[in-house]
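User: Could you walk me through this one before I set anything up? I'd like to begin with the ligand and then move on to other parts.

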Amino acid sequence: MESQDLRTVMAQWATGVVVVTTRTADGGRHGMTASSFTSVALDPPLVSVCVTSSGATCRMIRHSGVFAVNMLGSDHREVGRRFAGPALGDRFALGDWATASTGAAVLADAVAWLDCVVAACYPAGDHTIVLGLVRDAAMPRPAAPLIYHDRTYHEGIAR
Ligand SMILES: Cc1cc2nc3c(=O)[nH]c(=O)nc-3n(C[C@H](O)[C@H](O)[C@H](O)COP(=O)(O)O)c2cc1C
């Protein structure tokens with residue numbers, strides 16, 4: 001199967017949208033938009049995200065050994081766009097960001113966030129499956145989640 005055809009089919013899979021953040025070597029922060037986030041195990045508490053192996057985020061997560069996952073609300077479309085591309089300048093310029101105990105950045109008004117240490121990294125084709133052990137989590141805001149379907153952002157239903 002061609003990768004472009006797989007992309008087209010997978011665009012029919014509706015997901016939430018997260019921003020995965022990590023610490024940089026010089027004490028700064030970095031992050032990217034992702035939809036490949038999932039819950040993996042409850043005991044111990046494990047989650048995963050698949051990141052492009054050649055990307056900056058993958059390199060920085062491997063180096064720092066920590067990451068946070070920020071679940072976006074439907075009013076965070078611009079945050080989602082900004083963290084998905086290089087063209088808009090400082091990705092953290094939008095949003096109210098705080099620092100979790102691992103040093104990764106968390107969005108103060110995220111629907112929820114999880115702060116993780118890297119448990120394992122598994123190469124998977126051109127991506128890396130990053131497995132995280134959840135150290136801390138919070139649900140700052142009961143807002144409608146941001147949904148990604150058919151290459152378009154949509155509004156989910158608030159809890
Ligand atoms: C809705 C959406 C979901 C995305 N999901 C992922 C993902 O799960 N994994 C990934 O590697 N890139 C994903 N991307 C692409 C990255 O956000 C994009 O390539 C980003 O610029 C990578 O940043 P980096 O080069 O600093 O690592 C997604 C983009 C969008 C818009």
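User: Which elements each supply at least two residues of the shell around the ligand?

Analyst: Bearing in mind that this is a predicted model, the elements that each give at least two residues to that shell are β3, β5 and α2.

User: And which residues come nearest to the ligand?

Analyst: Among the 15 residues around the ligand, the nearest are Met32, Ala34, Ser36, Gly55 and Thr57.

User: How does the shell split by class?

Analyst: The shell around the ligand is made up of 8 nonpolar and 7 polar residues, and no charged residues are found in it.

User: Switching to the largest nonpolar core, how many residues has it, and which have the most contacts inside it?

Analyst: That core has 36 residues, and Val18, Phe67, Ala68, Val69, Leu72 and Trp113 are the ones with the most contacts inside it. The elements giving two or more residues to this core include β3, β5 and α2, while β6 contributes the largest share, with 5 residues.

User: What is Val18 in contact with, leaving aside neighbours within four places in sequence?

Analyst: With those neighbours set aside, the contacts of Val18 are Ala34, Phe37, Val69, Asn70, Met71 and Leu72. Of these, Ala34 is also one of the residues that come nearest to the ligand.

User: New topic: in what order do the strands of the open sheet run, and is the pairing parallel or antiparallel?

Analyst: The 3 strands follow the order β1-β11-β12 with antiparallel pairing, and the edge strands, which pair on one side only, are β1 (15–16) and β12 (152–155).

User: How many bridges join β1 and β11?

Analyst: β1 pairs with β11 (residues 146–149) over 2 bridges, and Gly16 has Ile147 of β11 as its bridge partner.

Terms used
Residues numbered from 1 in each chain as written. Predicted model: local features only at pLDDT ≥ 70, side-chain atom pairs only at ≥ 80, totals over all residues. Core = buried A, V, L, I, M, F, W, Y, C linked by C-beta atoms within 7 Å. Buried ≥ 20, exposed ≤ 12 C-beta atoms within 10 Å, placed from the backbone. Helix = DSSP H or I, 4+ residues; strand = E, 2+ residues; numbered from the N terminus. Contact = placed C-beta atoms within 7 Å. Pairing = 2+ DSSP bridges. Near = placed C-beta within 6 Å. Nonpolar A, V, L, I, M, F, W, Y, C, P; charged D, E, K, R; others polar.
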